[in-house]
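Q: Hi! I'm new to this one, could you walk me through it?
A: Happy to, let's have a look together.

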Amino acid sequence: MCETRFKNYSLNYYARNIFANDFLDPSYYLHDYKNEDSSQVVELGKMLFFDPILSQNNERSCASCHNPQKGFTDGQAKSIAFNFEETVSRNSPTLLNAIYADKFFHDLRSENLSGQIEHVIFNEKEFKTDYLEIINKLSKSEEYVNRFKKSFPDQKAPISKFTLSRALANYVKTLTGFDSEFDQAIRQEKETSEEVIKGFNLFMGKANCGTCHFAPTFSGLVPLIYKETESEVLGVTETSNFETPVLDSDLGRFWSTVIREKVSFYKNSFKTATVRNVKLIAPYMHNGAYNTLDEVLTFYNKGGGAGMGLDISHQTLGQIHSI
């Protein structure tokens, strides 16, 4: 009964604590999708996710840039492009817990997963195709035709832009969880080391990490109602050369095609990524400039770009004391 009553809420007010597995409702963040997660739809989405049939050359799949073995990233500073010669413009973010956001992409330009998927499909450096071509290819597969019909029996056209996006989104919705060693420890289900406890206290305290990477997702998903995703201006550099730093030229949200984002304080502003599973998803930042967590911490300890003397008028990262 409680599940039905609160199905349109981002969080479950009856959860035991904010680190409980049922605290956030992934169905809420699908926005324009129905709260549908039948096993058939999820399995179809998983099949599509790993199938290069979605790309024009039948050589690129979602998993090409979001490999499960690498935390659903690809381990590259910037993902390899469609032609296997160039790269795309940014680092591939993890899909683990990615559903917990109200906007997607590093520059937050998409307000739902449907828009995110559409961008990848049409982008010249990614799938370089369109829905019509994909639908035609899928329609020639007896297995796909049967799977779409069983997954979406209420649709007059089982294979469509809508059902394709819906299947993929429902698969991404399953890539969630709050059962790490830390989660179990903070829920008092198991003991953990003093080092972990000190690290968490530092993260939430003196280091100020938790002022942008909000618990429990440790991303930019803002408490207390977890409906808004934040971005920050950090002054990320082109490389990890902090002795002669050069500001990365990517303008972030200001570059976005969303007109309301073209304001000066969004220059060099990027979505606050989750630091869950951070060990698995190097290299770091929107441009993959930092290969190790030590380099990331050095960047923060220096006060970001402004702390290193770069001209960034709207930097949101404060210049803190070294930790």
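**Salt bridges, rings and cysteines**

A: Let's start with Asp107, which counts as buried at 0% relative accessibility; buried means under 20% relative accessible area, exposed over 50%, and partly exposed in between, with a 1.4 Å probe and protein chains only. This is a predicted model, where local features need pLDDT of at least 70 and side-chain atom pairs count only at pLDDT 80 or more, while totals for chains, interfaces and linings use all residues. Residues are numbered from 1 along each chain as its sequence is written, and side-chain values use heavy atoms, with hydrogens and water left out.

Q: Which residue forms a salt bridge with Asp107?
A: Arg90 does, with the closest N and O atoms 3.0 Å apart. A salt bridge here is a side-chain nitrogen of Lys or Arg within 4 Å of a carboxyl oxygen of Asp or Glu. Arg90 is buried too, with a relative accessible area of 10%.

Q: And where do Arg90 and Asp107 lie?
A: Each lies in the loop between α3 and α4, so the pair ties together parts that are 17 residues apart in sequence. Helices (H or I, at least four residues) and strands (E, at least two) are DSSP runs, numbered from the N terminus. Arg90 and Asp107 also belong to a network of salt bridges with Arg109 and Asp250.

Q: What does the charged end of Arg109 sit over?
A: The ring of Phe105, 3.8 Å from its centre. The rule asks for NZ of Lys or CZ of Arg within 6 Å of the ring centre and within 35 degrees of the ring normal. Lys262 is placed likewise over the ring of Phe254, at 5.7 Å from the centre.

Q: How many salt bridges does the count come to?
A: Ten. One of them joins Arg276 and Asp183, at 2.8 Å from N to O. That pair links distant parts of the chain, 93 residues apart: Arg276 is in the loop between β2 (269-271) and α10 (293-301), and Asp183 is in helix α8. Both Arg276 and Asp183 are buried.

Q: What about Arg147 and Glu143?
A: Their side chains meet in a salt bridge at 3.2 Å, N to O. Arg147 and Glu143 are about one helical turn from each other, because they sit four residues apart in helix α6 (residues 142-151). Arg147 is partly exposed at 30%, and so is Glu143 at 44%.

Q: Switching to rings, how many aromatic pairs are there?
A: The count is 22. Rings of Phe, Tyr and Trp (its six-membered ring) pair if their centres lie within 6.5 Å; planes under 30 degrees apart are stacked, over 60 edge-to-face, and the rest tilted. Tyr100 and Phe178 make a tilted pair, 5.8 Å centre to centre with 40° between the planes. Both of these residues are buried. Phe299 and Tyr300 form an edge-to-face pair, at 5.5 Å and 70°.

Q: Which residues form an aromatic cluster?
A: Phe19, Phe182, Phe200, Phe203 and Phe218 form one.

Q: Is Cys62 buried or exposed?
A: Cys62 counts as buried, at 16% relative accessibility. Cys65 is buried as well, at 17%.
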